[in-house]
Amino acid sequence: VNAPSVVVARLAEAVAPRIPDFDVNLLFVNATHTHTAPEIEEGHYPEQDPNVMTPTEYQDFFVERVANAIVQAWQGRTEGSVSWGYGHAVVGHNRRISYAGGLARMYGPTNQPDFESVEGYEDHGVDLLFTWDTRSDLTGMIVNLACPSQVTESEYYVSADFWHEARVEIRRRHGEQVFIMPQCSAAGDQSPHLLLHKAAEHNMLRRRGLTERQEIGRRIANAVDDVLPLAREEICSGLPLAHSVRVIALPVRMVTRAEYEAASREYERWEQERPAPDDVTATSCRFVMMKRYERVMKRYLEQEQNPVYDTEVHVVRLGDVAFATNPFELFLDFGLRIKARSQALQTFIVQLTGTGKNAISCYLPTAKAVAAKSYGAEVADNVVGPEAGQLLVDRTVEMINALWPEAT
């Protein structure tokens with residue numbers, strides 16, 4: 001889901017002595033939120049079969065390889081240039097469905113009489129930053145779009161999801177040496193799953209002979225092809241480069257007495273469940289749900305002593321482009337508010353970025369979503385709420401615009 005802060009801390013510790021001229025305080029790591037990846041932290045799932053790699057073992061495996069990649073990249077720096085551009089690809093869709101009566105449902109059906117609308121906006125923009133060598137040959141690109149990579153779910157293999165197909169297709173068109181770095185923009189209420197036009201979309205997949213992931217890869221590659229010739233005409237070097245880091249104290253979402261009591265009832269209900277010993281799925285579900293409601297109860301008891309959630313935000317300026325991080329599954333509207341007020345020509349929002357001491361993955365919903373309830377907007381899913389989301393927007397915009405003094 002994300003890059004936990006403990007992993008970022010371990011990476012910083014691993015690379016600091018190997019590349020002393022690199023400031024590890026400026027390191028941030030983002031995830032694309034695939035649902036087919038190893039677990040990297042203990043305690044989220046019950047103990048597995050002895051033959052299964054533990055989260056601690058995977059974390060060791062991960063840190064060693066990513067640290068090596070960081071060192072290799074830093075030591076292998078060469079002169080080059082960059083360019084940027086903006087395209088479009090239909091990948092993400094708002095996954096919250098609104099019904100008569102004001103309630104919403106994640107992945108709710110749309111073919112019933114009380115269906116009213118899709119709750120929120122969709123952003124099909126693709127922010128692209130290209131890298132070039134001294135001969136102006138393409139070496140890589142950052143591809144930033146508002147959708148987690150979750151076409152494939154609940155499978156027992158490791159996959160980058162649609163980013164694999166995107167990489168394959170882009171490299172087929174532009175060379176195997178091209179590096180593709182994906183970033184997930186604000187997309188807490190987005191997913192690649194189809195809730196409307198399903199039959200028509202699947203019919204087109206059949207006609208093209210493509211899987212859903214291959215089709216998304218094709219769309220992303222088409223966006224690259226649309227922008228790349230224009231970006232090639234404005235390759236730049238000697239650009240402004242600045243990196244700002246700030247810890248923002250966000251107010252926590254307070255758990256009400258009613259929410260505490262509801263969580264207590266749910267905890268007791270799941271505690272009484274007795275799945276068969278060999279039913280791994282049911283055992284895991286019980287464990288996860290008990291943890292979910294246990295966290296709510298713990299927050300209620302401790303929230304007066306811990307009323308704020310310190311959130312580390314990084315903002316980078318490179319030429320006309322800004323990158324702005326956050327650790328949340330940030331609902332799309334917040335990302336759009338930042339982009340709309342940013343002085344940068346293009347603003348790459350990078351969610352699920354592990355930084356600081358407290359970075360954890362949790363949804364940050366809009367007020368509209370909280371009022372409509374459902375998964376992602378419930379108190380169990382949020383450490384902070386809509387008010388914190390707006391404060392995050394305001395402070396991030398301040399940080400971005402401070403790096404554009406010429407705009408004022």
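Ala, Val, Leu, Ile, Met, Phe, Trp, Tyr, Cys and Pro count as nonpolar, Asp, Glu, Lys and Arg as charged, and the others, Gly among them, as polar. By these classes, the lining of the largest cavity in this predicted model has 6 nonpolar, 2 polar and 4 charged residues. The structure holds 1 cavity of 30 Å³ or more. The volume of the largest cavity is about 110 Å³.

The lining of the largest cavity is made up of V90, V91, H93, P192, L194, E201, H202, L205, E212, E215, I216 and R219. Two elements, α4 (198-208) and α5 (212-232), each give two or more residues to this lining. The largest share comes from α5, with 4 residues.

Attention now turns to strand β12.

Strand β12 pairs with β11 (residues 241-251) in the antiparallel sense. The pairing of β11 and β12 extends over 11 bridges. Within it, V247 stands opposite E312 of β12.

Strand β12 is also joined to β13 (residues 321-325). These two strands run antiparallel, with 4 bridges between them. V316 stands opposite F323 in β13. Strands β12 and β13 form a hairpin with 2 residues between the strands. In this hairpin, G319 takes a positive phi near 65 degrees.

Technical notes. Residues numbered from 1 in each chain as written. Predicted model: local features only at pLDDT ≥ 70, side-chain atom pairs only at ≥ 80, totals over all residues. Heavy atoms only, no water. Pairing = 2+ DSSP bridges. 1 Å grid on protein atoms, 1.4 Å probe; cavity = no way out; pocket = protein on both sides within 12 Å on 5 of 7 lines; lining within 4 Å. Points joined across faces, edges and corners; volume = space filled by probe spheres on them.
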